[in-house]
Amino acid sequence: MTDFKIGKSSDSISMKEIDGKPFTILSVEDSNYEEAGKVSEGVKFTTKESFTIDGAKWNKFHTTRDVVVKRLREPDVAQALKASGAIGPLVCEQAKGKKYFVLRDA
C-alpha cells in the first residue's frame, strides 16, 4: 500500500477568492502559514457576508498578504472590532499597475 498524508480540512478559504468584493470584518485571528520550514505571517478573518465559492458558502478567509496582515494586526483594528463588533465594508484589490494589493474602504 502506498503511504500518503490526508490533508487537514480548513475552516477558511484564501482571501483571493473575494478580491474586489466588499466585505465587513467581524473578527480577526493570527494564522501563520508554514511551508518547507518557512513561516509566513498570516491572518484569518470572519466576514458578515457569506460568499459562494465553488458551490460552498464561505465567510472565513485567510491571507499572508503583507499589507492586509499588517493592517489587521494593528491595535486600532482590534479596538474598533471590540467597540462596534465590525469594521467595513472594505475591499481588497490589486493596486493599479502594481504587483501588490491594497485594503481600502469600499
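The model is predicted, so local features need pLDDT of at least 70 and side-chain atom pairs count only at pLDDT 80 or more, while totals for chains, interfaces and linings use all residues. Residues are numbered from 1 along each chain as its sequence is written, and side-chain values use heavy atoms, with hydrogens and water left out.

I start with the sheet. Strands here are DSSP runs of E, at least two residues, and helices are runs of H or I, at least four, both numbered from the N terminus. Two strands pair if DSSP finds at least two bridges between them. The sheet is open, has six strands in the order β1-β6-β5-β2-β7-β8, and its pairing is mixed. β1 (13-14) and β8 are at the edges with a single partner strand each, so one side of each has no neighbour in the sheet.

Inside the sheet, β2 (residues 23-30) and β5 (residues 43-53) run antiparallel, joined by five bridges. Serine 27 has threonine 46 in β5 as its bridge partner. Further along, β7 (residues 87-94) and β8 (residues 101-105) are also antiparallel, again with five bridges. Leucine 90 is opposite aspartate 105 in β8. These two strands make a hairpin with six residues between them, and glycine 97 in the turn has a positive phi of about 70°.

Now the rings. Rings of Phe, Tyr and Trp (its six-membered ring) pair if their centres lie within 6.5 Å; planes under 30 degrees apart are stacked, over 60 edge-to-face, the rest tilted. That rule gives three aromatic pairs. Phenylalanine 23 and phenylalanine 45 are stacked, because their centres are 5.5 Å apart and their planes at 25°. They lie 22 residues apart, in β2 and β5, and both are buried, meaning under 20% relative accessible area, with exposed over 50% and partly exposed in between (1.4 Å probe, protein chains only). Phenylalanine 51 and phenylalanine 61 have centres 5.8 Å apart and planes at 75°, so that pair is edge-to-face. Ring pairs link Phe23, Phe45, Phe51 and Phe61 into a cluster.

Last, lysine 60, in strand β6 (residues 56-63). Is lysine 60 buried or exposed? Its relative accessibility is 17%, so lysine 60 counts as buried. Leaving out residues up to four places away in sequence, lysine 60 touches, among others, Asp11, Glu29 and Phe45, where contact means heavy atoms within 4.5 Å.
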